[in-house]
Amino acid sequence: MEKRIHVWDAHVLMEEYRQLLQDERIEALPLVVSGSSMTPFLAPGRDTVFLSRLTEPVKRGQILLYQRDSGGYILHRVCKVRQDCFTMVGDAQTELEPGIRPDQVIAVVKCAKRKGKMQSPGCFWWEFFEKIWIRMVPLRPLVRSVYEPFRKMRKR
């Protein structure tokens, strides 16, 4: 059986997701990761996140889907929480994005299918990226440069 891939315009898809997330009967909506800013936790084309409406206060380490004022849709992790805004950062990034308002948030990631396995709060990799990796933003380039040669050796 041939697997078909449908590519949707992001604005059309996100408007549909916004509408669907209003329905309390819907627990989560799948979204295939398309950008590389959340590597190494989430890889584009390989991994899927499951989005849910935000029903609780936002916490540091959570992954949110939000829309920038420029119109782009972004999936990043919460680095800092203030009463009126959040500071976000991708797992592959070292530059923080402050000033994300609550009204820009579309959904929260409840779980993810990573490398073919379900990941959710409580599992090792989820907890590592949510609690440890988020605190290592300035050290990320160093950690990745040390890790990369080992990763390449493993692939051989």
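Biologist: Which residues of helix α2 are buried?
Modeller: This is a predicted model, so read every answer that way. In α2, residues 124-132, the buried ones are Trp-126, Phe-129 and Glu-130.

Biologist: Where do they sit around the helix axis?
Modeller: On the same side of α2, because they cover an arc of only 95 degrees around the axis.

Biologist: Let's take β4, then. How many bridges join β4 to β5?
Modeller: There are 4 bridges, and the two strands run antiparallel. β4 and β5 form a hairpin, with 4 residues between them.

Biologist: Which residue stands opposite Val-89?
Modeller: Arg-77 does, with Val-89 being in β5.

Biologist: Which way do the β5 side chains point?
Modeller: The strand covers residues 86-89. Phe-86 and Met-88 point one way. Thr-87 and Val-89 point the other way.

Biologist: Buried or exposed, those four?
Modeller: All are buried.

Biologist: What about β5 and β6, how do they pair?
Modeller: Antiparallel, over 2 bridges, with β6 made up of residues 97-100. Phe-86 has Ile-100 in β6 as its bridge partner.

Biologist: New topic. Where is Arg-140?
Modeller: Arg-140 lies in helix α3, which covers residues 140-155.

Biologist: Is that arginine buried or exposed?
Modeller: Arg-140 is buried, yet it has no salt bridge.

Biologist: What does the Arg-140 side chain reach, then?
Modeller: The backbone oxygen of Gln-93, at 2.8 Å.

Biologist: Which other residues is Arg-140 in contact with?
Modeller: Leave aside its neighbours within four places in sequence. The contacts of Arg-140 then include Val-89, Gly-90, Asp-91, Ala-92 and Thr-94. Trp-133 and Ile-134 are among them too. Val-89 is also the β5 residue that stands opposite Arg-77.

Biologist: Last one, Ala-10. Where is its place?
Modeller: In helix α1, residues 10-22.

Biologist: Why does Ala-10 count as partly exposed?
Modeller: Because its relative accessibility is 38%. Partly exposed runs between the buried limit, under 20%, and the exposed one, over 50%.

Biologist: What separates Ala-10 from Gln-67?
Modeller: Their C-alpha atoms are separated by 11 Å. Along the chain, Ala-10 and Gln-67 are 57 residues apart.

Terms used: Residues are numbered from 1 along each chain as its sequence is written. This is a predicted model: local features need pLDDT of at least 70, side-chain atom pairs count only at pLDDT 80 or more; totals for chains, interfaces and linings use all residues. Side-chain values use heavy atoms; hydrogens and water are left out. Buried means under 20% relative accessible area, exposed over 50%, partly exposed in between (1.4 Å probe, protein chains only). The arc is that of the directions from the helix axis to the C-beta atoms. Two strands pair if DSSP finds at least two bridges between them. Lys and Arg count as positive and Asp and Glu as negative; His and the chain ends are not counted. A salt bridge is a side-chain nitrogen of Lys or Arg within 4 Å of a carboxyl oxygen of Asp or Glu. A polar contact is a pair of N or O atoms within 3.5 Å; within protein, one must be able to donate a hydrogen and the other to accept it, and residues adjacent in sequence count only if both atoms are side-chain atoms. Contact means heavy atoms within 4.5 Å.
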